[in-house]
Amino acid sequence: MKKILNIFLKILGVLGLAFLLLVEVTEISPVYKFRAPHAFAGPAIYNPYASLDTLQGWKKANFHTHTRVKGPWPPNEGDTWPLETFQAYERLGYQIVTFSNHNEITTHPFDPALQVNVYEQGYSPYKFHKLVFGSKGVRHLDPFLPVLASQKQFELERLDAQSDFIQINHPYRTWGMSKSHMEKLSGYEIMELDTNIGTENEYWDWALSAGHFSFGLANDDLHHPGRTECIGIRCNFIQTPSGRYEDLREALLGGCYYSMRVPDYGHGDWEEKIRRSRMLPSVKDIGLRGDTLYIRLSQAADTIRVNGQDHAVLAKVHGQSELTYVLGADEPYARFTAFFPGGEVLYSNPFARYDPSSGAGLFDKEPQKVNVFLTLLWNLFILVLMVGTVWLGIKMFRK
């Protein structure tokens with residue numbers, strides 16, 4: 001019996017070391033010399049709502065959705081199949097739903113023309129997850145313990161090379177996603193907004209203030225559509241002619257949309273939730289006239305606020321449905337947030353200064369420079385760990 005136990009423990013130890021070796025392999029990465037933070041500047045202001053047609057209306061959408069999947073891998077992350085999940089969202093007034101299961105491209109349940117190749121990438125227990133749009137396949141290699149900003153950057157650059165655009169998911173609950181990391185990372189186009197513990201989205205402002213432009217989406221990150229507190233509590237209103245990927249890609253990269261946090265109406269009463277989810281406050285008009293930003297809402301808000309550089313509050317009004325703000329020549333960007341009496345919160349995309357003559361794109365896509373010396377030092381450290389792990393494995397096996 002003792003011999004069998006020793007064999008079992010030896011096998012368990014070897015498997016543990018094999019897993020440790022696999023983790024160490026994923027830690028291999030360049031170390032970057034990140035660009036210094038810089039504020040947006042220039043004579044022009046980017047208006048994400050320049051294409052807004054106030055007569056066309058908005059389409060309600062969720063882009064971060066998990067469902068049941070076929071086969072043993074990846075494991076199921078939702079209670080229902082894609083079709084049932086789509087139907088649950090339809091009841092709440094959603095017209096666009098994309099399915100972003102972990103490390104798997106999910107087929108649209110009933111209309112191939114609405115297929116959107118998107119998946120949530122990332123295996124790390126630190127939850128450094130990304131939505132990858134427009135990729136033909138899944139990239140499985142991922143830093144398991146991305147403790148360095150450089151490891152996160154390396155992954156973003158690899159994903160960017162194989163996709164159309166990227167969203168950084170739930171940075172507020174990604175371990176190690178500090179202000180310092182947000183000020184460094186580049187290569188993405190969308191930031192996932194909102195958190196159950198606050199509505200400030202300060203991490204978005206950290207990145208924007210450092211010169212990393214992105215639009216914002218607020219998504220359910222749905223796993224349990226049968227629970228009222230999990231579905232329909234985040235949404236986006238996007239102006240697009242259809243839910244086809246070509247139209248969505250153009251709209252998502254253009255910025256003509258806004259996002260919302262929504263209360264769990266009825267707290268378990270589905271009829272109340274469905275009724276009120278179809279009566280949300282909305283944006284009637286938003287845009288730019290000269291250097292003046294403006295927003296007009298369907299109803300008066302408790303507070304409409306303008307945030308800018310370093311998360312500063314630039315302006316706010318109470319009990320109004322409209323707000324205008326002149327963006328000063330030395331003010332890099334501004335975005336609206338509206339807080340409503342019913343608990344709803346609305347977030348606009350940012351208006352940002354830029355120089356059209358520079359030829360630079362809106363998003364920060366320029367590769368970061370590699371620090372060769374630190375790269376060699378870091379990967380030598382990982383190599384030493386790998387050799388040590390192999391040595392322990394051999395020693396354990398021989399015993």
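Which residues does V283 touch, not counting residues up to four places away in sequence? In this predicted model, in which local features need pLDDT of at least 70, side-chain atom pairs count only at pLDDT 80 or more, and totals for chains, interfaces and linings use all residues, V283 touches W58, Y258, I295, R296, L297 and L346, a contact being defined by heavy atoms within 4.5 Å. Residues are numbered from 1 along each chain as its sequence is written, and side-chain values use heavy atoms, with hydrogens and water left out.

V283 lies in strand β12, which comprises residues 283-289; helices (H or I, at least four residues) and strands (E, at least two) are DSSP runs numbered from the N terminus. With a relative accessibility of 5%, V283 counts as buried, where buried means under 20% relative accessible area, exposed over 50%, and partly exposed in between, for a 1.4 Å probe and protein chains only. The C-alpha atoms of V283 and S321 are 9.5 Å apart in space, while 38 residues separate the two in sequence.

The structure holds 21 aromatic pairs. Rings of Phe, Tyr and Trp (its six-membered ring) are taken to pair if their centres lie within 6.5 Å, and the planes count as stacked when under 30 degrees apart, as edge-to-face when over 60, and as tilted otherwise. F40 and Y333 form an edge-to-face pair, with 6.2 Å from centre to centre and 80° between the planes. This pair links distant parts of the chain, since F40 is in the loop between β1 (32-33) and β2 (44-46), whereas Y333 is in strand β15 (residues 333-339), 293 residues apart. Both F40 and Y333 are buried. A further edge-to-face pair is formed by Y89 and Y94, at 4.6 Å centre to centre and with 65° between the planes; Y89 is buried, with a relative accessible area of 0%, and Y94, at 3%, also counts as buried. One aromatic cluster is formed by F40, Y46, F213, F215, Y257, Y333, Y354 and F363.

Zero disulfides are present in the structure, a disulfide being a pair of cysteine sulfur atoms within 2.5 Å. C235 is in no disulfide, and its nearest cysteine sulfur, that of C230, is 16 Å away; at 0% relative accessibility, C235 counts as buried. C256 is likewise in no disulfide, the nearest cysteine sulfur being that of C235, 16 Å away, and C256 counts as buried at 3% relative accessibility.

Most residues other than glycine have a negative phi. K127, however, has a positive phi near 65° and is found in the loop between β5 (118-121) and β6 (130-133), where its relative accessibility of 34% makes it partly exposed. H267, which is not a glycine either, has a positive phi of about 45°; H267 is located in the loop between β11 (257-261) and α7 (270-277) and is exposed, with a relative accessible area of 70%.

L5 is placed in helix α1 (residues 2-26) and is partly exposed, with a relative accessible area of 46%.
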